[in-house]
Amino acid sequence: MSTLSDPPVESFRPSQLINDTRYRSYTFQVIALICLVGLFGYLLSNLFQNLADAGLNISYEFLAEPAGYDINQRLIEYQSQSTHLRASIVGVLNTLLVAVVGCVLATIIGVVVGVLRLSKNWLISKVMSIYVEIFRNVPVLIWILIVMAVFVAVLPQPRDFRGENAEASMFLDLFAFTGRGFNLPMPYFTAEWASGGTGWLVVIALIVAAIFGTRMIGTRATAQQEATGVRPKTWQFTLGIWVVPMLIAFVVMGLAWEIPELKGFNFKGGIFARNSFIALTLALSIYTAAFIAENVRAGILAISKGQTEAAASLGLRPRRIMNLVILPQALRVIIPPLISQYLNLTKNSSLAIAVGYMDLTGTLGGITLNQTGRAIECVLLLMLFYLTISLAISGIMNVYNNSVKLKER
Amino acid sequence: MKKTVILGALTVAGLTATAAAAATLDDVKARGKLNCGVTTGLVGFAAPDANGEWDGFDVGVCRAVAAAVLGDASAVEFVPTTGKTRFTALASGEIDMLARNTTWTFSRDVDLKFEFVGINYYDGQGFMVPKELGVSSAKELDGATVCIQTGTTTELNLADFFRANNISYEPVPIETNAEAQPLYLEGACDVYTTDASGLAATRAAFEDPSAHVVLPEIISKEPLGPLVRHGDHEWGDIVRWTLNALIAAEELGVTAANIGEMSGGTDNPEINRLLGSEGNLGEMLGLDADWAMKAISAGGNYAELFEANIGESTAIGLSRGLNAQWTDGGLLYSPPFR
C-alpha cells in the first residue's frame, strides 16, 4: 500500500468552464472583459464613424496657430499673437495657482474650524457648526457667484477714487482695495545687479539657508537636551539667522517699494490681485474648508479619550496635548479624506469662467474650443490635464500619508 | 481571440453607425416642431416676454421658417444657447437651425462645417462707456478694463483693434450678456463691447440709458445671419429662401396686412410667384405652394419684423442704416424669385 500511484491525469472538457469552480470564475471574467472591450470599441468606432460622416477629423494642428485673443491674468509672457498652445499653458498655470493657494487656505481654515468646533466654549463651537453647515450645503458655484457679487458691489471702483472729494481713498496710501482687485505695494531692488531676477534668487537662497540653520540649531539643542536634560534657549539664534542676513541683503540690494497709483482708468503699479482670482480662491477655500473641518473633527474624535487623559496626567497643558499627542495621531485619519478634498478643490476650480477667471477651462476649453471648433480635441486635452494633475496630487499626498501612518513593526 | 472580438465589434459598430445623414426637413415634419437655437436673452433679438413667449427679431426668423415648413408659426421649440454652446448644439443636431446673431465668418462656414444661409442684420462691433468718463473715441481707451462676451468674434476683433492702435487694455471675459450688465454697471469694467445692435439692446434695458454712450468707432464687420448644418442642402435652401422671402416681401410691398388680398393674384408676376398663385416654387422646395405666404404672415415682412422688435419706435431704437433695402441705399438684396 505504500506505492503511490500517479494521480489520474485530468482531461479538460469544455463543460468544466461552467461546471468546475476552478475555471468558472475565469470564464466569467473573460466574458466580462470581452463585453467591456466590445463596448469601448463600439463607442470609439461610433465616434470616429460619426466624425467621418460629419466630415470632421481629429487633429491637433490648431495648437500651433495664433490664438488671437488676450488673457488678462498671465504668469508667463503671452500676447494675442501667441499660439493656442501657449494660451493653454497660461490657463494651466492659472489653474495651478488657484489650486495651490486654495488648498493651502482651505487647509488652514479647515484645521482651525475643525479644532474650534470641538471647543468647550459653547458659542465658538456653535458658530463653527453653523459655518460648516452653511458652507458645505450650498453649491460651490453659488458661493463663487456670491463672493464675486459682494466683492464687486461692496468695494469702491477706481472711479470712486477720482476727483477732489473722492468717495474712497487708499488704505494708508499704500493699498488700493477696489472692486476690480487689490493693488498692493511691490518690493523691488534698486541696485543694478539685483534689479532683474537675481535679487529674488538671493532672497530665496537666504531663506533656504535660514531653514537649514534653524534645523541645525534644533538638532544641536536636542543633543544638548539629551546629554544634560536641559534644553538651551535657542530663539535668539534662530531669530538672528532669519533676520540679520536678510536685512543686510536688503540694504545692499537697495530694497524699495512700488506704490500703486491711480493712472488713467485703473490703478497702476504694485502687485495686482484680480477680483476674479480673489473671489474664486476665497469661495473655493471656504467651501472646501467646511469639509476639511469635518475631516479634522472626525480625526480628532477618533483618538481615544484615554490619550488625552494620559497626556494630562503627565502634566501637559491642553495646547501641548493637542499639538504633541492628539494631532499627530489624528493626521493618520485625516489625510486620506483630505486628499480627496484637495482633488475636489482642484477640479472645482474649473468653475472659474463664472467670474471670468481664465483658467484652463476658460482658455483651452473655452475660447480656443470656440474659435477653432475643435471640441473633441480640446475636451480630450482637458480631461488629460485634470487627470494628470489629480493623480499627481494624490500621488504626492499618498507619499506623505505613508510617512505619517502607523508604522507596524 | 481578443483581437478578433475587437474587430468583430468594430465591424458591427461600423455597420450600425452609418446612420443616415439627416434629412432635416423630414425630421422637423415628423416632430411637428422646429428646434431653433436663440440667445439666452437679448432684448429685441430674442428674449422671453412677460408671458414667457419668445419674442424678437431672430425669433421672427425662426417663426417664419416654422410657418413655411409646418404651417404654424408657434410650432417652434426655442433652445437658448450661449456663445460657447451654440455651435455644438447645431453640429450635434440638437437644433435644426441657429438664429442667434451669429457672425458669418470664413472659418465658421468652411472649417466648422456650417452653412450660413444669408444675412438678416449687418452689424459691427462697438464700445459703450459711461458718459461720466468723458471718453469720445475708442482710441482714448488706453489701459481700460473691457467687459467682453467670451466665445464670440468680438474678443478677436478687440485684440486686433488694440494691437493695431498699440494701446493696452484688460479684458474681462463674461459668459453671457446678462452677467456682463451688472459688472459694467457696478464699474468693474470701464467699457462694454459687443455688436453695436447688442449694445443698443443692452443699453435700452438700463435704468438710465442716457448715462451711457456708444462710441462712434465700429471696429469690425459683423454680418449676422441664421445658419444650418453643412451637408443638408435641401434644408439650407428652405431657410435661405424663407429669409429671402421676408426681404423680397418688403421690396415688393407685401405686408402681413395686405398679404390676404395679394395672395389671390396681382398684376406683378414676381409677387404671384412668391405667394404661390403662379409657378411651383413651393413644390421645388418640397413645401406647400403658399409656404412664403405663411412665412410672411407669421410676423410680417423684414421691415415689419425690424420695426416691431428693434426699430426706431422701440426702446432699442436702431435705425435701418445698412439694413435698408438696396433700393433705399442699404445692403438688403434678395435674389429674384424665379
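**Notebook: two interfaces of chain B**

I first looked up how much area domain 1 of chain B and domain 2 of chain B bury between them, and found about 1100 Å², with 60% of it on carbon and sulfur atoms; buried area here is the accessible area (1.4 Å probe) that two parts lose on being put together, summed over both. On the domain 1 side, I noted that B:Leu42, B:Lys84 and B:Ile316 lose the most area to domain 2 of chain B, and that together they make up 31% of what that side buries.

I note for myself that this is a predicted model, in which local features need pLDDT of at least 70 and side-chain atom pairs count only at pLDDT 80 or more, while totals for chains, interfaces and linings use all residues. Residues are numbered from 1 along each chain as its sequence is written, chains are lettered from A and ligands numbered from 1 in the order in which they are written, and side-chain values use heavy atoms, with hydrogens and water left out.

**Entry: the two domains**

I then checked the bounds, which come from an automatic or database domain assignment: domain 1 of chain B covers 22-122 + 223-328, and domain 2 covers 125-220. The contact (heavy atoms within 4.5 Å) takes 18 residues from domain 1 of chain B and 15 residues from domain 2 of chain B.

I looked for salt bridges (a side-chain nitrogen of Lys or Arg within 4 Å of a carboxyl oxygen of Asp or Glu) and counted zero between domain 1 and domain 2 of chain B.

**Entry: chain B against chain A**

Turning to the other chain, I found 48 residues of chain B in contact with 47 residues of chain A. The area buried between chain B and chain A is about 3600 Å², of which carbon and sulfur atoms give 56%. I noted that B:Lys84, B:Pro173 and B:Glu186 supply 14% of the area that chain B buries against chain A, more than any other three residues.

Across the interface of chain B and chain A I found two salt bridges, and I looked up one in which the side chains of B:Asp190 and A:Arg180 meet at 2.5 Å, N to O. Among the elements of chain B that each supply at least two residues of the side touching chain A are α6 (153-164) and α7 (177-186), where helices (H or I, at least four residues) are DSSP runs, numbered from the N terminus. The most comes from α1(B), with nine residues.
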